[in-house]
Amino acid sequence: MKYKIKKETKPNLPTFGKYKAVASHRSTVDTRQILEEVARRDGISLGDAIVVMMGLSHVINEHLRQGDRVHLDTWGLMKLEIESDKVDSPEEFDVRKHIRGVRLHFIPESKDGSPDLYKDLKFEQEPY
């Protein structure tokens, strides 16, 4: 995994002015590339891979939108989380005013607290 060293620029943080590692994402892999790799790796047609991927996408999204957690073996757990302002009382809460957004929370599958996704991860610093 590639990383860069960056200076903390948010003055309100106690770590302001200090340096930290941040992940460096140099490229984006798109759906087509993933599907072609899956088809080649598993010896199935590209069309079959597309049908399965689209079906999974639809079903998983529906469950997430209904508030379900989705657990996929060997991959992990997904759930939607609400980002909300805090108010003094339940009666004061206004969904249109106080919900700022929704985010996807992903927890990788792990054995004994050590996710396979992170196993044997090597770090390589990119030049400044």
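Reader: Where is the place of M53?
Author: In this predicted model, local features need pLDDT of at least 70, side-chain atom pairs count only at pLDDT 80 or more, and totals for chains, interfaces and linings use all residues. Residues are numbered from 1 along each chain as its sequence is written, and side-chain values use heavy atoms, with hydrogens and water left out. Helices (H or I, at least four residues) and strands (E, at least two) are DSSP runs, numbered from the N terminus. The run that holds M53 is helix α2.

Reader: What is the relative accessible area of M53?
Author: Buried means under 20% relative accessible area, exposed over 50%, and partly exposed in between (1.4 Å probe, protein chains only). M53 is partly exposed because its value falls between those limits, at 31%.

Reader: Which residues is M53 in contact with, leaving aside its neighbours within four places in sequence?
Author: Contact means heavy atoms within 4.5 Å. With the neighbours within four places set aside, the partners of M53 are T31 and L35.

Reader: Which part of the chain gives the largest share of the lining of the largest pocket?
Author: A pocket is an open set of points on a 1 Å grid over the protein atoms alone, where a 1.4 Å probe fits, with protein on both sides within 12 Å along at least five of seven lines; lining residues have an atom within 4 Å of a point. The lining here is M53, L56, S57, I60, N61, L72, D73, T74, W75 and M78. Five residues, the largest share, come from helix α2 (residues 46-65).

Reader: How many residues of that lining are charged?
Author: Ala, Val, Leu, Ile, Met, Phe, Trp, Tyr, Cys and Pro count as nonpolar, Asp, Glu, Lys and Arg as charged, and the others, Gly among them, as polar. The lining has six nonpolar and three polar residues, and the number of charged ones is one.

Reader: How much space lies in the largest pocket?
Author: Grid points are joined across faces, edges and corners, and a volume is the space filled by probe spheres set on the points. For the largest pocket this comes to about 240 Å³.

Reader: What is phi of T74?
Author: Most residues other than glycine have a negative phi. T74 is one of the residues of the pocket lining and lies in the loop between β3 (70-72) and β4 (76-84). T74 is exposed, because its relative accessible area is 73%. Its phi is positive, near 70°.

Reader: Why does D120 count as exposed?
Author: D120 has its place in the loop between β7 (114-115) and β8 (124-125). Phi of D120 is also positive, near 60°. D120 counts as exposed because its relative accessibility is 59%.

Reader: How far apart are the C-alpha atoms of I5 and P127?
Author: I5 is part of strand β1 (residues 2-7). Not counting residues up to four places away in sequence, I5 touches Y19, K20, A21, Q125 and Y128. I5 and P127 are 122 residues apart along the chain, and their C-alpha atoms are separated by 8.9 Å.

Reader: Which pattern does the chain follow, read along the sequence?
Author: The chain contains three helices and eight strands. Read along the sequence, their order is β-β-α-α-β-β-α-β-β-β-β.

Reader: What radius of gyration does the chain have?
Author: The radius is taken over C-alpha atoms, and the globule rule is 2.2 Å times the number of residues to the power 0.38. The C-alpha atoms fill a box of roughly 55 × 45 × 30 Å along the principal axes. A compact globule of 128 residues would be near 14 Å, but the chain has 20 Å.

Reader: What share of the 128 residues in the chain is buried?
Author: Of the contacts with a separation of 6 or more, 31% join residues 24 or more positions apart. Buried residues make up 12%.
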